[in-house]
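Could you walk me through this structure, one selection at a time? I have it open in my viewer and would like to know what to click on and what I will find there.

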Amino acid sequence: MLNIRNLLLAALIPAALWSQTQPIPRIVQKDGRYALFVDGAPYLILGAQVHNSSGWPAMLPKVWPAIETIGANTVEIPVYWEQLEPQPGVFDYSVVDTLLSEAREHRVRLVLLWFGTWKNGSSHYMPLWMKTGPDRYPRVLGAKGRLVDSPSPYSRATLDADTRAFVALMRHLKEADQERTVIMVQVENEPGTWGSVRDYSPAAQKLFDAPVPADLLKALHKEAGAANANWQAVFGSDAEEFFHAWSVAHFIQQVAAAGKAEYPLPLYVNAALRDPMNPSRGTYESGGATDNVIPIWKAAAPAIDLLAPDIYLDDSARYFKVLDLYRRPDNALFVPETGNSPAYARYFFAALGRGTIGFSPFGVDYTGYANAPLGAPKINEESLAQFSLNYKLAGPMMRDLARLSFEGKLHAVAEEEQTHTQTMDLGPWKAAVSYGVPSFGFGNNPPGNPQPEGRVLVADLGDNRFLVTGLFSRIDFQASDPAQQREFLRVEEGTYENGAFTPIRIWNGDQTDYGLNFAASPVILRVTLGTF
Ligand code: DGJ
């Protein structure tokens with residue numbers, strides 16, 4: 001990032017030494033919580049992903065204004081295999097270099113999306129020289145003998161080609177990005193297969209009938225009686241799906257491990273989801289990192305740092321369930337894609353409350369495309385406004401939020417459709433959140449907002465002090481000990497700049513007598529509580 005300190009340092013330190021001073025981003029785990037470390041400290045991805053065909057230099061003038069509107073600190077943008085390797089073994093880094101230099105100019109970091117062998121389960125981003133050689137780079141064969149529009153994970157030639165290209169990309173980043181503009185790389189995009197649970201080609205069938213790899217049995221604690229047993233015998237009705245998940249993950253592991261050996265950036269795989277409440281086989285992409293096969297992916301692809309859900313579910317119960325399914329002791333939560341219609345904005349807080357390392361609405365650019373009904377019908381300042389509010393609030397205190405989250409001190413909630421009150425457990429305190437009440441008066445029986453858009457965040461600063469912020473909501477506190485009554489000792493409104501809170505006024509009277517009310521503008525409070 002360009003700032004005065006970096007500029008001064010850059011002027012003083014020769015390039016070779018400079019590169020040593022910038023630690024490579026990494027995912028760190030402590031006490032079951034995760035942080036993405038960037039420049040040596042926890043970093044929160046306030047992300048925005050561009051549309052699929054917006055990663056071309058000619059499109060960037062229509063990307064940056066939308067990024068500015070939303071206030072993202074990180075842009076997720078594709079790197080296309082068909083562009084990177086126009087001839088076998090010949091690499092064109094010009095587009096990647098443009099992304100790097102323009103991102104630096106616009107003072108944002110990048111998450112690069114490797115559109116390689118898989119893009120949404122198909123192989124549409126393979127270079128032309130591969131598309132015209134389908135025998136060498138085969139597709140999945142369906143159960144009835146018909147080809148499926150999805151690459152086979154058993155092709156050595158495809159694996160070698162993808163590995164070579166991904167290695168070339170990572171090697172180039174290592175050389176061209178000593179500033180660590182790129183903080184993470186997504187390997188493939190929603191890998192897996194639509195339209196067939198697995199590959200039924202003879203090569204695949206042979207492996208399906210062979211013993212399940214011992215490492216996988218061990219990882220799943222299934223060794224007892226399963227040695228030398230084949231997939232069907234070990235996994236029964238799950239066998240075909242688990243086999244495909246293992247095969248896709250095993251392929252990607254090899255690509256990822258080779259890339260990581262060049263340049264060890266954090267790597268992740270994104271998943272097209274199955275319904276988190278009522279999954280029904282055949283309705284979702286098979287072989288991807290759906291919630292039921294996370295342990296298989298973990299065992300097969302240790303070079304992948306995390307598995308990340310693409311969440312396009314617009315009801316809060318299912319949204320929260322997905323967050324809970326991917327927030328695991330063995331998996332850092334990250335939302336690399338979510339719907340860009342305004343109702344999704346509040347889920348940023350739901351993800352923060354569960355320790356996410358980042359959040360990114362999909363389709364943030366002004367190229368004129370819109371993926372409605374998944375997202376908003378038109379992308380403009382108005383459609384992005386709710387997301388902009390999020391990042392206006394979180395941007396100035398991003399580093400503190402990331403650190404507090406890593407320390408387990410962050411609590412945040414988003415409004416549900418049917419329930420209009422929520423409680424946050426803060427140890428000696430409980431926070432009562434309500435939605436839809438006016439700013440004046442006790443507000444019994446909160447009706448909820450006309451559209452669920454409320455959100456609240458509380459960061460525990462210790463000694464009964466809290467940073468409190470929110471939108472379209474009210475929060476109040478009670479001592480967990482019912483014999484004690486809470487008193488607002490001090491409620492300061494302030495601004496946050498460069499990690500420091502500067503008070504601008506004290507709230508009291510109507511502003512605190514009925515709890516702390518947040519409307520449509522970003523307000524940050526520092527609250528000190530006492531009891532009587
Ligand atoms: C999920 C994919 O990962 C994205 O690239 C995009 O195709 C969206 N679905 C739909 O717009």
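Before the first stop, here is a term to know: a pocket is an open set of grid points with protein on both sides within 12 Å along at least five of seven lines. A molecule sits in a pocket if more than half of its atoms lie within 2 Å of the pocket's grid points. Keep in mind that this is a predicted model.

**Stop 1: the ligand.** Select the ligand, and you will be looking into the second largest pocket, where it sits. This pocket has a volume of about 520 Å³.

**Stop 2: the pocket lining.** Now show the 28 residues that line the second largest pocket. Ten of them are nonpolar, twelve are polar and six are charged. Nearest the pocket's centre you will find Asn 120, Glu 190, Tyr 312, Glu 337 and Leu 374.

**Stop 3: the shell around the ligand.** Next, pick out the residues around the ligand, among them Asn 52, Asn 270, Asp 310, Phe 362 and Asn 371. By class, this shell holds three nonpolar, five polar and four charged residues.

**Stop 4: polar side chains.** Zoom in on Asn 189, where a polar side-chain atom is 2.8 Å from an oxygen atom of the ligand. For Lys 119, the distance from a polar side-chain atom to a ligand oxygen is 3.1 Å. Then try Glu 190: an N or O atom of its side chain lies 3.4 Å from an oxygen atom of the ligand. On its own, the ligand has 290 Å² of accessible area, and the protein covers 87% of it.

**Stop 5: two backbone details.** Most residues other than glycine have a negative phi, and most peptide bonds are trans. Select Asn 120, in the loop between β6 (109-119) and α6 (128-131); its phi is positive, near 50°. Finally, go to Ala 372 and Pro 373, which are joined by a cis peptide bond with omega of about 10°. Pro 373 belongs to the loop between β13 (358-361) and α15 (381-394).

Note on methods
Residues numbered from 1 in each chain as written. Predicted model: local features only at pLDDT ≥ 70, side-chain atom pairs only at ≥ 80, totals over all residues. Heavy atoms only, no water. Near = heavy atom within 4 Å. Polar contact = N/O pair within 3.5 Å; in protein donor to acceptor, adjacent residues only side chain to side chain. Areas by Shrake-Rupley, 256 points an atom, 1.4 Å probe, with all protein chains shown as cover. 1 Å grid on protein atoms, 1.4 Å probe; cavity = no way out; pocket = protein on both sides within 12 Å on 5 of 7 lines; lining within 4 Å. Nonpolar A, V, L, I, M, F, W, Y, C, P; charged D, E, K, R; others polar. Points joined across faces, edges and corners; volume = space filled by probe spheres on them. Helix = DSSP H or I, 4+ residues; strand = E, 2+ residues; numbered from the N terminus.
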